[in-house]
Amino acid sequence: MKNKLNGQSVKNLIIRNAHIVDPANKIDDVMDLHVKSHRIVKWGKDLASEDAEILDAKNLHLLPGLVDLHVHFREPGYEHKETIESGAQAAIAGGFVACVTMPNTKPACDNAQVVKYQMERANVLNFNIFPSGTLTQGREGKKISEMAEMKDAGAVAVTDDGGWVMDSGVARRAYEYAATYGLPIMSHAEDHSISLSGVMNEGIVSSKLGLRGAPNAAEDIATARDIELVRLIKCHLHFSHVSTRGAVAMIRRAKAEGLPVTAEATPHHIALTDEEFVKYDTFYKMNPPLRSEKDRQALMAGLEDGTIDAIATDHAPHALEEKDRDIEVAPFGTIGLESAFGVIMTELFHGRKWKLEEIVRKMSLVPAEILKKTNFGRLKTGEQANFILVDTEKDWVFAEEHVHSRSFNSCFYGKKLKGKVLHTFVKGYQYAL
Amino acid sequence: MTASEKQVLDAGGMERVLARIAHEILERNQGISNLALIGIRTRGVFLAERLQKKLYEIEKKEVPVGILDITLYRDDLSEVGPKPEVHETNIPFDLKGKAVILVDDVLFTGRTIRAALDALIDLGRPKVIRLAVLVDRGHRELPIKADYVGKNVPTSLQDRVTIRLKETDGEDEAVISGGPKA
Amino acid sequence: MTQNIKTPWTQKDLLGLRDLSVAEIELILDTAKSFSEVSQREVKKVPVLRGKTVVNLFLEPSTRTRVSFELAEKRLSADSIGMASGGSSMTKGESLWDTIANIEALKVDIIVMRHGSSGAPHRVSNYTKCGIVNAGDGINEHPTQALLDMFTLREIKGKIKGLKVVFVGDILHSRVARSNVWGLTKLGAEVVICGPKTLIPWGIEELGVKVIHDVKKAIDGADAVTLLRIQMERQNETLFPSIREYASTYGMNTELFKYAKPDAILMHPGPVNRGVEIESALADSAQSYILKQVTNGIAVRMAVLYLLSGAIKNEK
């Protein structure tokens with residue numbers, strides 16, 4: 001469905017009888033919420049206001065808007081895959097009100113100009129974007145990038161995502177520099193000299209299919225190196241898209257030792273394994289790759305005991321002609337914004353009986369806390385309306401019509417989901433889905 | 001033989017018919033030299049071997065026997081769905097200059113023999129090819145004629161002619177079955 | 001020949017041995033036996049594929065396999081034509097769909113495809129009515145080579161079940177080895193893999209094979225030993241220190257071969273690196289069936305094309 005989602009400016013609206021779940025404010029009750037001139041007025045029982053429109057939210061849940069710590073909006077440079085505009089559309093369709101964009105754009109987001117450009121685009125489009133800047137100039141892994149200026153321009157973190165700084169000496173200095181300005185480092189932990197040209201997880205499945213694989217060790221070795229650097233520097237390091245049981249165990253130990261590390265996992269690593277590759281379908285080619293069932297189970301355990309703090313999509317759009325090539329050549333990645341809530345509700349809320357407030361923590365509150373953005377992840381009176389209305393029981397099947405991204409490379413087509421976002425409120429504008 | 005079948009040759013009849021054909025072959029060929037028997041799979045092969053024995057009994061000389069599988073030369077290959085099984089063709093002697101007697105159990109439309117002729121030509125250049133069949137049931141679709149016939153059996157198109165041989169079916173007989181149902 | 005009821009062949013493609021049943025593999029081997037007679041004749045032709053068109057799409061260089069297929073096709077009276085792309089289409093990122101669609105538009109019946117990317121024929125087979133024969137995809141499978149290896153084994157030893165078959169060399173990058181592992185284990189052979197750890201795929205024991213690094217132990221009591229070509233460097237990874245060390249530890253020579261059964265046979269998919277994986281004298285010895293493999297290759301490929309041609313008609 002390529003229909004553009006248009007936001008309706010919320011002048012005066014009362015949402016009636018929504019079941020509000022907001023763990024930060026300790027709310028878990030059915031009540032009304034009043035939004036006026038784009039801002040939250042208050043919440044409570046039996047609210048009233050003259051001239052207010054009424055939205056009947058019976059049987060729906062109202063949650064703080066989802067915050068995604070890891071998306072690729074590809075602008076500037078790869079607008080054929082995605083633009084900030086289409087990315088925002090995809091995010092809104094998935095119930096996300098704010099996204100941290102990755103800096104592997106062209107030119108790379110390694111200077112204040114690109115950060116400013118992205119912030120301005122987001123402003124015009126009326127969406128919340130938190131750009132991340134690169135760790136090293138051009139993501140080449142050699143020279144530290146201009147983090148101070150990027151932070152002033154609005155960058156919230158630094159990362160060489162897509163790559164990892166192999167030279168530990170360079171990494172140490174770059175992490176120290178980031179720590180100077182209080183910028184969290186987001187680490188795509190991958191030792192490239194081991195993963196090499198692997199197109200999927202190295203294991204019995206890759207041996208059966210005759211495909212080169214990247215072993216768990218590539219991620220585990222990089223994770224171990226970064227944890228030791230954190231021990232040395234005491235900087236906040238956030239592990240992106242954790243996928244191996246080894247990494248989960250190491251992060252758990254590091255946290256127990258009091259090291260300032262946080263971690264995220266993606267919906268596709270939570271829901272799928274390397275068995276999906278049977279048809280040599282490049283839509284399942286991601287980095288890090290889909291791993292074994294053992295790893296998947298370890299991820300779930302990590303989510304449940306707090307080792308993994310947040311869920312982030314790693315939304316990675318690619319044009320179909322690019323994906324539609326030989327497995328060795330096709331780019332890594334899957335889109336994920338539009339399917340994330342449905343997949344997480346299916347796997348964790350319905351599948352493992354999580355409470356809804358735990359879902360809110362992983363997808364909204366904790367990501368906001370990691371970014372130190374206290375206006376997000378919770379409802380706040382006087383603040384712009386950034387929340388979602390969801391039907392936790394709605395059955396649906398993920399299909400192309402649900403995609404609002406410019407690209408259609410999803411690994412979830414045909415998957416039966418239970419739980420869907422029906423309305424997204426971003427910056428006081430309402431989007432009906 | 002079942003209730004709906006009518007026997008047209010019994011074991012004794014088959015023996016006598018094969019003996020006569022053996023004599024006819026020798027008569028026409030004016031002796032046994034340069035003769036070769038080629039049986040068309042599957043039952044044609046056993047009949048060829050029986051003829052070989054009969055010829056030996058008469059002339060005390062062995063005529064070579066070859067096995068021909070005509071599957072690859074069928075004219076209906078492009079129609080039939082999954083490909084039919086191919087079995088081996090085994091002709092362990094040179095065809096050049098030989099008087100080949102093609103042996104088959106039933107002559108019907110003539111398409112099998114047409115395929116056999118194509119196969120033989122690809123395999124070598126016999127001096128002459130003659131055809132011996134146990135039963136000729138008529139209804140030719142191609143201009144093919146048998147030189148030696150065991151028994152002429154008039155049939156309707158709906159009839160089924162079944163040959164049973166001791167070597168494959170445990171008994172010797174030729175029966176007709178089917179035809180217009182009551 | 002088996003006593004099983006033969007299943008008719010119903011698939012329009014031969015993509016690999018991984019997904020074939022025992023009955024299907026045996027059907028190909030039995031059919032190949034009937035076709036081996038054709039190549040012994042004066043007039044090496046049967047009209048089975050008369051009027052059918054076969055395209056040999058070789059996107060990875062090959063001479064031996066391509067010629068073998070071409071001869072098989074011509075001996076079946078098919079119209080056979082070769083298409084190769086200059087350079088590797090992988091690096092050019094050329095759309096395989098476009099190539100296949102163009103071929104289909106020429107009203108072709110079967111495409112024999114060799115491609116540098118594992119899984120390429122599998123991805124393509126769903127999108128075309130043409131039958132696809134995998135002549136080698138990346139490091140995944142090379143089914144007709146494995147079939148001719150098994151055919152050769154069966155002809156000489158009379159059976160495959162219970163035979164001890166050993167593969168020595170670069171298993172990791174060998175699609176021939178992979179296909180053989182699938183086929184031989186399905187048919188009940190005992191398969192042993194031998195080579196340095198760097199050349200052995202992860203978890204291969206789970207496919208039902210034994211891994212033994214010592215060559216003498218590995219070929220002890222073997223009925224057949226297949227040697228695989230090695231390349232020192234692949235994708236900028238050095239997999240063993242030098243050709244010299246490889247030859248001295250894993251190279252097969254007459255002395256070493258004595259550890260196998262006295263009537264053991266030696267096989268190699270070719271081309272042979274004399275002096276590296278095999279001693280020159282051994283390659284020419286009576287126990288080497290390398291050339292017989294080549295002859296059998298035509299019969300096996302004829303059988304495959306014959307069987308596939310029946311299934312394609314069905315789907316139209």
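Visitor: In which hand does H1(C) pass H6(C)?
Guide: This is a predicted model. Helix H1 of chain C covers residues 22-36, and helix H6 of chain C covers residues 143-157. H1(C) passes H6(C) in a crossing that is right-handed.

Visitor: Are H1(C) and H6(C) roughly parallel or roughly perpendicular to each other?
Guide: The axes of H1(C) and H6(C) come within 10 Å and cross at roughly 70°. Angles of 65 to 115 degrees count as roughly perpendicular. H1(C) and H6(C) are therefore roughly perpendicular.

Visitor: How many charged residues are in the contact of H1(C) with H6(C)?
Guide: H1(C) contributes C:Ile28, C:Leu29 and C:Ala32, while H6(C) contributes C:Leu147, C:Met150, C:Phe151 and C:Arg154. By class, six residues of this contact are nonpolar and no residues are polar. The number of charged residues is one.

Visitor: Which element gives the largest share of the side of domain 1 of chain C that touches domain 2 of chain C?
Guide: Domain 1 of chain C takes in 22-140 + 295-315, and domain 2 takes in 143-293. At least two residues of the side of domain 1 that touches domain 2 come from each of H1, strand E4 (131-137) and helix H12 (290-315) of chain C. The largest share is six residues, and it comes from H12(C).

Visitor: How many residues of domain 2 of chain C are in contact with domain 1 of chain C?
Guide: The centres of the two domains of chain C, taken over C-alpha atoms, are separated by 26 Å. Domain 1 of chain C brings 19 residues to the contact. For domain 2 of chain C the number is 18.

Visitor: What radius of gyration does chain C have?
Guide: Chain C contains twelve helices and eleven strands, and its C-alpha trace spans about 55 × 45 × 40 Å along the principal axes. A compact globule with 316 residues would have a radius of gyration near 20 Å. Chain C agrees with that, at 19 Å.

Visitor: Which two chains have the most contacts?
Guide: Chain A and chain B do not touch, as their nearest C-alpha atoms are 26 Å apart. Chain B and chain C are in contact through 17 residues of chain B and 22 residues of chain C. Among the two pairs of chains that touch, the most contacts are between chains A and C.

Visitor: Which helix supplies the largest share of the side of chain C that touches chain A?
Guide: In this contact 22 residues of chain C meet 17 residues of chain A. Helix H5 (120-125) and helix H7 (175-186) of chain C each supply at least two residues of that side of chain C. The largest share, three residues, comes from H5(C).

Visitor: How many residues of domain 2 of chain A take part in the contact with domain 1 of chain A?
Guide: The domain assignment of chain A gives domain 1 as 8-62 + 383-432 and domain 2 as 64-371. Their centres, taken over C-alpha atoms, lie 26 Å apart. The contact takes 34 residues from domain 1 of chain A, and from domain 2 of chain A it takes 45.

Visitor: Which strand provides the largest share of the side of domain 1 of chain A that touches domain 2 of chain A?
Guide: Strands E2 (12-22), E17 (387-397), E18 (416-426) and E19 (429-432) of chain A each supply at least two residues of that side. By class, the side has 17 nonpolar, eleven polar and six charged residues. Its largest share is seven residues, from E18(A).

Visitor: Is H12(A) oblique or roughly perpendicular to H13(A)?
Guide: Helix H12 (residues 340-350) and helix H13 (residues 356-371) of chain A pack with their axes 10 Å apart, at an angle of about 130°. That angle makes H12(A), relative to H13(A), oblique.

Visitor: How many nonpolar residues are in the contact of H12(A) with H13(A)?
Guide: A:Ile344, A:Met345, A:Leu348 and A:Phe349 of H12(A) meet A:Leu356, A:Ile359 and A:Met363 of H13(A). The contact has no polar and no charged residues. Its nonpolar residues number seven.

Note on methods. Residues are numbered from 1 along each chain as its sequence is written. Chains are lettered from A and ligands numbered from 1 in the order in which they are written. This is a predicted model: local features need pLDDT of at least 70, side-chain atom pairs count only at pLDDT 80 or more; totals for chains, interfaces and linings use all residues. Domain bounds come from an automatic or database domain assignment. Two residues are in contact if their C-beta atoms, placed from the backbone, lie within 7 Å. Helices (H or I, at least four residues) and strands (E, at least two) are DSSP runs, numbered from the N terminus. Ala, Val, Leu, Ile, Met, Phe, Trp, Tyr, Cys and Pro count as nonpolar, Asp, Glu, Lys and Arg as charged, and the others, Gly among them, as polar. Axes are lines fitted to C-alpha atoms, for helices over the stretch in contact, and angles run from 0 to 180 degrees between N-to-C directions. Angles under 35 degrees count as roughly parallel, over 145 as roughly antiparallel, 65 to 115 as roughly perpendicular and the rest as oblique. A crossing is left-handed if the near helix is turned anticlockwise from the far one by less than a right angle, and right-handed if clockwise. The radius of gyration is taken over C-alpha atoms; the globule rule is 2.2 Å times the number of residues to the power 0.38.
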